[in-house]
Amino acid sequence: MTLEGKRAVVTGGGQGIGRAIALKLASLGAHVAVADINEKSARDVADEITAAGGAATAYRVDVSDHEETAGLMKDVVEALGGVDILVNNAGITRDNLILRMPPEDWDLVLRVNLTGTFNCIRAAARPMMSQRSGRIINISSIIGQVGNIGQANYAASKAGIVALTKTAARELGARGITVNAVAPGFIETPMTESLSEKVREDFTTKILLRRLGAPEDVANLVAFLASDEGDYITGQTINIDGGMVW
Ligand SMILES: NC(=O)c1ccc[n+]([C@@H]2O[C@H](COP(=O)([O-])OP(=O)(O)OC[C@H]3O[C@@H](n4cnc5c(N)ncnc54)[C@H](O)[C@@H]3O)[C@@H](O)[C@H]2O)c1
């Protein structure tokens, strides 16, 4: 499997799953634009890639801002000559029961997770359409399929990503662009590190493979979907959860 000569954008690439995806795509030969709202972490990951002999550039972007995502894609196309792979990974949580959830937290999570994904697809679709090829991979979550107490905003945003993925796949397929979603289960990252040992144990007993996932597990699937080997798959949501939800 190779991504030699490919140009990839990974949002939220500064840590966790996004970092693992950026490292994996770079290890397969892609030039990776590591885009994150946290500029320092994006730079650290880009430096890690270049130190290992790969190619990467760091960009600061807030995916919830339409102008910023348009600017990001313009800068990437100017610097690299195009964009072949877009991984919409940036995401946040603001957990609370519905009755206690401040409306601002509902809006924020929807704006970053769902509108952010829309913004980036919109900005990357034009250059991909003129190339008549492209790969878009959106990071959803199994929570978008089954819901979760305290995560109404997050679950709705991740379910929205599935519908957005299907629609974008329909609109862009004739131009040689595949659009898929990946729905991870419980993956050990900074997003989940604050959860108690008890919660982790409870989750683990519900996982057929009896272990929590690693960011690299998700990165391997994303790399496959981004590669030539994955070129007859579109409009799909693929769960990667060790056997939790099906
Ligand atoms: N960790 C899990 O168990 C799990 C499970 C299912 C889905 N996911 C999804 O995977 C993705 C990555 O999760 P993670 O666990 O690595 O999270 P994380 O919190 O460790 O990393 C998220 C990254 O996104 C960046 N980010 C946040 N808001 C942004 C914005 N507005 N613009 C640009 N970048 C922004 C952060 O700075 C951070 O680098 C998210 O979409 C998350 O919902 C995670």
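This is a predicted model: local features need pLDDT of at least 70, side-chain atom pairs count only at pLDDT 80 or more; totals for chains, interfaces and linings use all residues.
These notes walk through some helices and loops of the structure.

1. **Length of α3.** Start with helix α3, residues 66-80. How far apart are the end C-alpha atoms of α3? They are 21 Å apart. The helix has 15 residues, and at 1.5 Å a residue it should span 21 Å, so the two values agree.

2. An α-helix has 3.6 residues a turn, so residues three or four places apart point the same way.

3. **What lies over that side.**

4. Just after the helix comes Gly-81, with a positive phi of about 90°.

5. **α1 against α2.** In general, two packed helices are described by the angle between their axes and the distance between the axes. Take helix α1 (residues 16-27) and helix α2 (residues 39-51). Their axes come within 10 Å and cross at roughly 25°. An angle under 35 degrees counts as roughly parallel, so α1 and α2 are roughly parallel to each other. The crossing is right-handed. On the α1 side, the contact is made by Arg-19, Ala-22, Leu-23 and Ala-26. On the α2 side, Val-45, Glu-48 and Ile-49 take part.

6. **α4 against α6.** The second pair is α4 and helix α6 (residues 152-172). At what angle do the axes of α4 and α6 cross? They cross at roughly 15° and come within 9 Å. These two helices are therefore roughly parallel to each other. Their crossing is right-handed. Residues of α4 in the contact include Trp-106, Leu-110, Leu-114, Phe-118 and Ile-121. From α6, the contact includes Tyr-154, Ala-156, Ile-161, Leu-164 and Leu-172.

7. **Two arginines with positive phi.** Most residues other than glycine have a negative phi, and most peptide bonds are trans. Now look at Arg-132, in the loop between α4 and β5 (134-139). Its phi is near 60°, a positive value. Is Arg-132 buried or exposed? It counts as exposed, because it has 10 C-beta neighbours inside 10 Å. Arg-210 also has a positive phi, of about 55°. Find Arg-210 in the loop between α7 (197-205) and α8 (215-226). Arg-210 is exposed, because 10 other C-beta atoms lie within 10 Å.

8. **A buried glycine in a loop.** Gly-230 is in the loop between α8 and β7 (237-240). Why does Gly-230 count as buried? It has 20 other C-beta atoms within 10 Å, and the cut-off for a buried residue is 20 or more. Leaving aside neighbours within four places in sequence, Gly-230 is in contact with Phe-224 and Leu-225. Thr-178 and Gly-230 are 52 residues apart along the chain, and their C-alpha atoms are separated by 9.1 Å.

Technical notes
Residues are numbered from 1 along each chain as its sequence is written. Helices (H or I, at least four residues) and strands (E, at least two) are DSSP runs, numbered from the N terminus. The expected span of a helix is 1.5 Å times one less than its number of residues. Axes are lines fitted to C-alpha atoms, for helices over the stretch in contact, and angles run from 0 to 180 degrees between N-to-C directions. Angles under 35 degrees count as roughly parallel, over 145 as roughly antiparallel, 65 to 115 as roughly perpendicular and the rest as oblique. A crossing is left-handed if the near helix is turned anticlockwise from the far one by less than a right angle, and right-handed if clockwise. Two residues are in contact if their C-beta atoms, placed from the backbone, lie within 7 Å. A residue is buried if 20 or more other C-beta atoms lie within 10 Å of its own, exposed if 12 or fewer, and partly exposed in between; C-beta atoms are placed from the backbone.
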